[in-house]
Amino acid sequence: MDQNSILIGAIAAIIGTVVGHFIAKRQEKNNASELTKNAKRSADEIIKTAKSEAESIKKDKIFQAKERFLELKAEHEKVILSRDKKMAEAEKRTRDKESQVSSELSKNKKLSHNLESKIKDYDHRLSVLDKRQSEVDKLHKSQVQQLEVISGLSADDAKSQLVESLKSEAKNDVMKYVQDKMEEAKLTAEQDAKKIIINTIQRIGTEEAIDNCVSVFNIESDDMKGRIIGREGRNIRALEAATGVEIIVDDTPEAIILSCFDSVRREIARLSLHRLVTDGRIHPARIEEVVRKTEKQINQEIIEVGKRTVIDLGIHGLHPELIKVVGRMKYRSSYGQNLLQHSREVAKLCGVMAAELGLNPKLAKRAGLLHDIGKVPDSESDMETPHAILGMQWAEKYGEKAEVCNAIGAHHDEIEMTYLLSPVVQVCDAISGARPGARRQVLDSYIQRLKDLEEIAFNFKGVQKAYAIQAGRELRVIVESEQVNDDQASQLSFEISQKIQTDMTYPGQVKVTVIRETRAVNIAK
């Protein structure tokens with residue numbers, strides 16, 4: 001019983017499986033047919049859509065092609081129009097040129113006709129003149145023949161006798177005239193020369209100018225003197241070391257004395273003191289900074305003074321280096337006479353005298369202004385050359401004319417005068433220096449002694465700066481700390497004093513002070 005039931009169940013299961021498989025196949029077939037139908041519908045729709053899109057694209061492309069065609073057509077028409085316009089303009093120009101050529105041809109025809117008529121007239125007049133000339137020649141020849149018959153001389157003999165007689169008469173007249181003028185010149189030459197010199201001096205306004213070695217710096221109150229001196233005198237020592245000027249602070253109310261033979265140093269010290277007092281900050285570092293700025297200012301002022309001088313005198317084309325030398329003459333003196341004022345005066349005298357003598361006044365002014373530029377040497381080696389020769393060398397170096405160079409070099413007879421301008425400059429230099437009160441020999445020798453003191457110090461190794469102060473009674477020498485130690489500084493002071501004692505002549509005694517200092521500078525940030 002159990003086996004039969006199991007068998008029946010198995011058969012039923014098999015039959016169910018078969019039936020399920022059949023049903024599944026059937027269902028799958030139905031699904032496949034449905035999918036096929038759906039695919040066909042989708043394909044038809046896609047094809048339909050593609051056809052519609054293709055039609056629209058086709059229409060768009062056709063429309064774009066038509067628009068492009070119209071654009072190309074319009075551009076082509078514009079090109080054709082422009083070409084037509086250019087052709088029309090070219091035709092117009094051609095017609096204008098043709099009309100112009102035709103008018104020119106007509107004018108040329110008229111001119112050629114007029115020329116032909118004038119040529120004919122000229123030929124006719126020339127033939128008439130030839131006939132008249134032949135008649136005149138015949139008449140002259142007949143008159144000459146008649147004169148020869150009357151005088152018994154030929155024409156050539158008469159000419160030679162006439163020329164000889166005229167020569168002898170002219171020679172006698174010329175000799176007489178020259179002799180009269182020579183005698184007259186001898187009588188009036190000295191008077192004329194004196195007249196020219198006196199007129200020149202009278203036409204130039206002069207003034208007495210004696211340079212000195214002291215400047216007075218005024219202050220508002222005596223309380224400022226203590227600040228200028230500083231604690232233990234450090235401020236005044238720093239100022240004297242930076243400028244090389246002796247600063248005298250005494251009982252004179254509201255005044256400080258600046259003493260130095262060099263006018264440039266005194267001016268730097270005066271302006272530096274003015275800035276320090278105005279600013280109120282007075283200490284060694286500030287003093288050195290102000291002195292450096294003031295030196296730059298003075299150098300710029302020297303250039304400006306040179307430019308103003310040449311402009312005032314009407315001198316043009318002067319080399320910039322010579323302009324700088326002219327400006328530096330403001331701070332130099334010659335025998336107590338300010339060098340720039342002396343040179344300006346000589347330039348004006350030369351201009352007036354050259355005009356009186358018929359020479360070039362501008363060139364004379366140029367030579368007069370530059371005649372003493374050799375007194376402003378650039379280096380110690382230049383001081384050995386006479387100032388006239390040195391000035392001539394500078395003038396040649398910077399392209400001055402030969403007349404100017406010769407006048408500079410010959411105004412003290414170091415070289416021969418080869419131009420008429422040279423004695424004019426020499427005379428005007430003597431006129432300017434010979435005025436009462438113009439020069440003072442003592443001051444110049446004094447300044448030269450101070451310069452010699454400083455020059456002796458510079459001949460020793462390691463010397464950085466040297467200043468002659470206290471009217472030459474003290475020589476302050478600043479040495480480089482890296483090259484000179486303390487022991488060598490003492491030895492250097494002794495050697496300089498011995499050199500001064502053996503090589504120089506001076507009143508009293510000279511104190512030699514050698515200063516050596518070491519600085520360590522750092523910056524805190």
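Modeller: pLDDT is the predictor's confidence in each residue, on a scale from 0 to 100. You'll need that here, as this is a predicted model, where local features need pLDDT of at least 70 and side-chain atom pairs count only at pLDDT 80 or more, while totals for chains, interfaces and linings use all residues. Residues are numbered from 1 along each chain as its sequence is written, and side-chain values use heavy atoms, leaving out hydrogens and water.

Biologist: OK, what does the pLDDT average for this protein?

Modeller: The average is 80, and 83% of the residues score at least 70. Over residues 205-211, though, the pLDDT is below 50; that stretch has 24 contacts in the model beyond near neighbours in sequence. A contact means heavy atoms within 4.5 Å.

Biologist: How many helices and strands are there?

Modeller: We read them as DSSP runs, numbered from the N terminus: helices are H or I with at least four residues, strands are E with at least two. This protein has 14 helices and 8 strands.

Biologist: How do I read burial, and what share of the residues is buried?

Modeller: Look at relative accessible area, using a 1.4 Å probe and protein chains only: under 20% is buried, over 50% is exposed, and in between is partly exposed. Of the 525 residues here, 30% are buried. Helix H11 (residues 402-410) is mostly covered, with 7 of its 9 residues buried. Among them are Val404, Cys405 and Asn406.

Biologist: And at the other end of the scale, which nonpolar residues form a patch on the surface?

Modeller: A patch takes residues with over 30% relative accessible area and no salt bridge; like charges are joined within 9 Å, and nonpolar side chains (Val, Leu, Ile, Met, Phe, Trp, Tyr) within 5 Å. Here Leu7, Ile11, Ile15, Val19, Phe22 and Ile23 make one, with about 590 Å² of accessible area together. Such areas come from the Shrake-Rupley method with a 1.4 Å probe, and for residues only the protein chains shown count as cover. Leucine 7 sits in helix H1 (residues 2-151), and it counts as exposed because its relative accessibility is 52%.

Biologist: You said "salt bridge". How many does the structure hold?

Modeller: Side chains of opposite charge can pair when their charged atoms come close. The cut-off is a side-chain nitrogen of Lys or Arg within 4 Å of a carboxyl oxygen of Asp or Glu. The structure holds 16. Some form a network: Asp279, Arg281, Arg286, Glu289 and Lys293 are linked that way.

Biologist: Where do glutamate 400 and arginine 366 lie?

Modeller: Their side chains meet in a salt bridge at 2.6 Å, N to O. Glutamate 400 is in the loop between helix H10 (387-397) and H11, and arginine 366 is in helix H9, so the pair ties together parts 34 residues apart in sequence. Glutamate 400 is buried, at 11% relative accessible area, and arginine 366 is buried too, at 14%.

Biologist: How is a polar contact read, and which side chain does glutamate 267 join that way?

Modeller: It's a pair of N or O atoms within 3.5 Å; within protein, one must be able to donate a hydrogen and the other to accept it, and residues adjacent in sequence count only if both atoms are side-chain atoms. Glutamate 267, found in helix H5 (residues 263-279), has one of 2.8 Å with the side chain of arginine 270.
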